[in-house]
Amino acid sequence: MFKQILICLALAAVCLGVRAADTNIFVWHRTTDRVDADMHGMALWPLLEQIAQQAGWNVFVEPDTTRAASAKFKDLPSGEALKRLLGDLNFALVPQSNALPRLYVFRTLQKNATRPVPPPKPAPRYVPNELLVKIKPGADIDALAKSLGAKITGRNDKLGLYRLLFDKASATDTALGQLKNNSDVTEVDYNYIYDAPPPVQALPGASAAPLSLTLNPPGDSGRVIVGLIDTPVQSLGSALDKFILKQESVAGDSTMNSSDPMHGTAMAYTILTAIAQQSPGGTSVQILPVDVYGAGANATSWNVALGIQQAVDAGANVLNLSLAGPNDSPILANVLQQAVAAGIPVYAAAGNQPVATPMYPAADNGVISVTALQQPGLIAPYANYGIWIQLALPGASVVFFNGQAWSVQGTSVSTAYASGIFSGIRAGTSASWNQIVTAMQQKWAAPGH
């Protein structure tokens, strides 16, 4: 079941040559494939950008094509909506067997619609008035913060990583420019926000047998531990709790609802499901949950970076990041590259937009990006795609929790399957992690690779 996507675009009317009080509203209901619009002279290019983003299509337009769309309607089928919006322009929607549909908009011939229309990039979302700073060894962060008029609200001296708070946005932006030119600073950026993961859905009346898996005693060496960077993980019952190590948190305390599985719980169950498929006789793999959300609805690049380091310090040698955002944090990328350099495979979700625009941390160097399949060879309609994605695995999982079957969907599920498959194989073979990663990329390569 796909969640209805409602995205409203409001552009300043002065930019469009109409009254300042006017706005352009465009909403594409993906679940019903119907459209609402109320627009007054909206230019063709931003309109097509919104269609690409909201409908999840690849859009191509004939160069030098222009139009100002003025229309008002509600709940029209997509085909009728396109006729109203595009007027005398021609269009053709062409389904693709292993990719997103293509919409061609043209004046003359379809073959002349060659210019791709990328969806608009979302505006960066970050914690107001905060910067993350990584400094060189020996540099004095306290003196640096004082010189900028900032308060240090978080610190990790081992990483040389610090969280600075300023009193207003202008001071934050000024400090960002100064720190980028400071020879004691190796990295600086905003503290980006990662949205809350989608909720797990109950499956009333569905039958699901609890997962059966035997924990083989882990050895003193060669242990495989999956660092699950996510929300907290609840109890999965006495049989499966043996696979869950003591939970870590970098985001403070979190209140866990005992009746509904949290996202981290669903990912842990999915990882164990994938391991069971690889190791039906049992496994020594264990999961180390690291909570980077706490009691809040969102995670931040600060918490994710600290969560990764916490997992590595506690012995994790596989990392699962079932989260994604549009902003490339150099602070987070640096922590990830250290983990990869230490021989730790990192699996990260490609995102559920669906767009070809790289999402992070999946698109960071060394990270193994994972998208979702609807069926073999076909990327799920909600999932991100593109040449930057390396793996594609099933995007749906059934979780048995608290005597009830639950459904979870998305590239986060695909990522959990990937890290689970890798871990299950790694614990039962002498093959190196690089050999397993290569084999997985051959077997589960993303369509188009």
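## About the model

This is a predicted model, where local features need pLDDT of at least 70, side-chain atom pairs count only at pLDDT 80 or more, and totals for chains, interfaces and linings use all residues. Residues are numbered from 1 along each chain as its sequence is written, and side-chain values use heavy atoms, leaving out hydrogens and water.

## The sheet

Five strands form an open sheet in the order 9-10-8-11-16, with antiparallel pairing. Strands (E, at least two residues) and helices (H or I, at least four) are DSSP runs, numbered from the N terminus. Two strands pair if DSSP finds at least two bridges between them.

Strand 9 (151–156) and strand 16 (299–300) are the edge strands, each pairing on one side only. Strand 11 (residues 185–194) runs antiparallel to strand 16, and two bridges join them. Here Y194 stands opposite A299.

## Two helices on the sheet

Helix 3 (residues 141–148) packs on the sheet. This helix touches strand 8 (126–135), strand 9, strand 10 (161–165) and strand 11. Contact means heavy atoms within 4.5 Å. The direction of helix 3 makes about 155° with that of strand 9.

Helix 7 (residues 301–313) lies across strands 8, 9, 10, 11 and 16. It runs at about 110° to strand 11. Axes are lines fitted to C-alpha atoms, for helices over the stretch in contact, and angles run from 0 to 180 degrees between N-to-C directions.

## A loop residue: T214

T214 sits in the loop between strand 12 (201–202) and strand 13 (225–230). Its relative accessible area is 47%, so T214 is partly exposed. That term lies between buried (under 20% relative accessible area) and exposed (over 50%), with a 1.4 Å probe and protein chains only.

Not counting residues up to four places away in sequence, T214 touches F243, G281, G282 and T283. T214 and G307 are 93 residues apart in sequence and 28 Å apart in space, C-alpha to C-alpha.
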